[in-house]
Amino acid sequence: MTMAPSCVTDFALFHVRLHIQSHASYCDIMMRGFQAMRHIGATSRYQSRHVSSLGPSLAEQEATFEHAKKTLNTYKVLSLLVAIPACGLIAYKSFFLSEHPHAPDFKEYSHLRKRAKKFPWGDGNHTLFHNPHFNALPDGYEAESH
């Protein structure tokens with residue numbers, strides 16, 4: 001039982017002596033290790049781009065610029081050959097091929113189209129944005145061919 005404390009005590013004393021005697025050399029070893037790690041990190045391609053304060057190299061900038069030009073040309077071609085014809089087809093379909101909506105049949109409900117007082121414009125019976133084909137008056141549509 002007495003062996004364990006003496007081993008622990010000897011180990012602790014050894015550590016204290018090592019620390020006191022070689023404090024300067026310990027710092028030197030740590031500094032050399034940090035310098036080696038910095039050197040290894042700076043020589044790798046990934047680290048050199050991010051460690052450098054000068055930014056990307058000229059070759060990397062030129063490669064990025066060439067890639068941007070190719071991408072821009074791709075989107076120009078897509079716009080001219082796909083987007084503009086698609087807009088033309090949609091416009092043609094919506095203006096020339098579509099059916100015109102028809103107004104619903106007039107039903108005289110007592111709760112719709114009430115006129116408590118006249119509108120302050122025109123004859124007082126038409127709403128401000130009145131469309132004779134879609135907006136019914138209290139007695140029916142104005143246009144016969146609705």
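Trainee: Let me start with one residue. Is Y141 buried or exposed?
Mentor: Y141 is buried, because its relative accessible area is 16% and the cut-off for buried is under 20%. Keep in mind that this is a predicted model.

Trainee: How much of the chain is buried?
Mentor: Buried residues account for 7% of the chain's 146 residues.

Trainee: And what about helices and strands, how many of each?
Mentor: The chain has 4 helices and 0 strands. Reading from the N terminus, the order is α-α-α-α.

Trainee: Switching to rings. How many aromatic pairs are there?
Mentor: The count is 3 aromatic pairs. One of them is Y92 with F96. Their ring centres are 5.4 Å apart and their planes sit at 45°, so this pair is tilted.

Trainee: Why tilted?
Mentor: The angle decides it. Planes under 30 degrees apart would be stacked and over 60 edge-to-face, so the rest are tilted. The 45° of Y92 and F96 falls in that rest.

Trainee: How far apart are Y92 and F96 along helix α4?
Mentor: They are 4 residues apart in α4, which means about one helical turn between them.

Trainee: Is F106 buried, partly exposed or exposed?
Mentor: F106 counts as partly exposed, at 27% relative accessibility.

Trainee: New topic: the surface. Where is there negative charge?
Mentor: There is a negative surface patch where E108, D123, D139 and E142 gather. Take E142: its place is in the segment after α4, which spans 58–96. At 37% relative accessibility, E142 is partly exposed.

Trainee: Which residues make the nonpolar patch?
Mentor: Y75, V77, L78, L80, L81, V82 and I84 make it. The patch covers about 730 Å² of surface.

Trainee: Pick one. Where is L80?
Mentor: L80 is in helix α4.

Trainee: Why does L80 count as exposed?
Mentor: Its relative accessibility is 56%, and exposed means over 50%.

Definitions and conventions:
Residues numbered from 1 in each chain as written. Predicted model: local features only at pLDDT ≥ 70, side-chain atom pairs only at ≥ 80, totals over all residues. Heavy atoms only, no water. Patch = residues over 30% accessible without salt bridge, like charges linked within 9 Å, V, L, I, M, F, W, Y side chains within 5 Å. Areas by Shrake-Rupley, 256 points an atom, 1.4 Å probe, with all protein chains shown as cover. Salt bridge = Lys/Arg side-chain N within 4 Å of Asp/Glu carboxyl O. Lys, Arg positive; Asp, Glu negative; His and termini not counted. Charge placed at Lys NZ, Arg CZ, Asp CG, Glu CD. Helix = DSSP H or I, 4+ residues; strand = E, 2+ residues; numbered from the N terminus. Buried < 20%, exposed > 50% of the residue type's maximum accessible area, 1.4 Å probe, protein only. Phe/Tyr/Trp six-rings, centres within 6.5 Å; stacked < 30°, edge-to-face > 60°.
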